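Please keep the sequence and the structure in view while reading.

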Amino acid sequence: LWTWGYNSTGELGLGDLAHRSSPVQVGTGYVNVTGGSSQGLVTRTDGSLWVWGLGTSGELASNAVTSRSSPVQVGAYVSTQSSR
């Protein structure tokens, strides 16, 4: 997973608030990547759910109203599809 751009609330997930004009690797083992203008949300290959970025109104679902500049695990993916 690679990221770059404006980073005022830690939305790049790199552990700081520095803006990046070139791609920087956030990590490996991520699937199902999505995000908003100020947040990142990913599922890892083990099914765990991770978030980062602006969280002052509870956007990160981490039982806190604070921003995170590094990925924080908030749960696990549970498939709603049955296997037959």
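Proline 23 is found in strand S2, where helices (H or I, at least four residues) and strands (E, at least two) are DSSP runs numbered from the N terminus. This is a predicted model, in which local features need pLDDT of at least 70 and side-chain atom pairs count only at pLDDT 80 or more, while totals for chains, interfaces and linings use all residues. Residues are numbered from 1 along each chain as its sequence is written, and side-chain values use heavy atoms, with hydrogens and water left out.

With a relative accessible area of 47%, proline 23 is partly exposed; buried means under 20% relative accessible area, exposed over 50%, and partly exposed in between, for a 1.4 Å probe and protein chains only. Although proline 23 and tryptophan 4 are 19 residues apart along the chain, their C-alpha atoms are separated by 4.9 Å. Proline 23 touches Trp2, Thr3 and Trp4, if residues up to four places away in sequence are not counted, and contact means heavy atoms within 4.5 Å.

Glutamate 11 belongs to the loop between strand S1 (2-5) and strand S2 (20-25). Glutamate 11 is buried yet has no salt bridge, that is, a side-chain nitrogen of Lys or Arg within 4 Å of a carboxyl oxygen of Asp or Glu. Lys and Arg count as positive and Asp and Glu as negative, whereas His and the chain ends are not counted. The table lists distances from the side chain of glutamate 11.

| Partner of glutamate 11 | Distance |
|---|---|
| Threonine 9, side chain (polar contact) | 2.6 Å |

Four strands form an open sheet in the order S3-S4-S5-S6, with antiparallel pairing, and two strands pair if DSSP finds at least two bridges between them. Strand S3 (30-35) and strand S6 (68-76) stand at the edges with a single partner strand each, so one side of each is left without a neighbour in the sheet. Strand S4 (residues 39-44) and strand S5 (residues 48-53) are joined by five bridges, and glutamine 39 has glycine 53 in S5 as its bridge partner.

Asparagine 32 lies in strand S3 and is exposed, at 56% relative accessibility. Most residues other than glycine have a negative phi. Asparagine 32, although not a glycine, has a positive phi of about 50 degrees.

Methods:
Polar contact = N/O pair within 3.5 Å; in protein donor to acceptor, adjacent residues only side chain to side chain.
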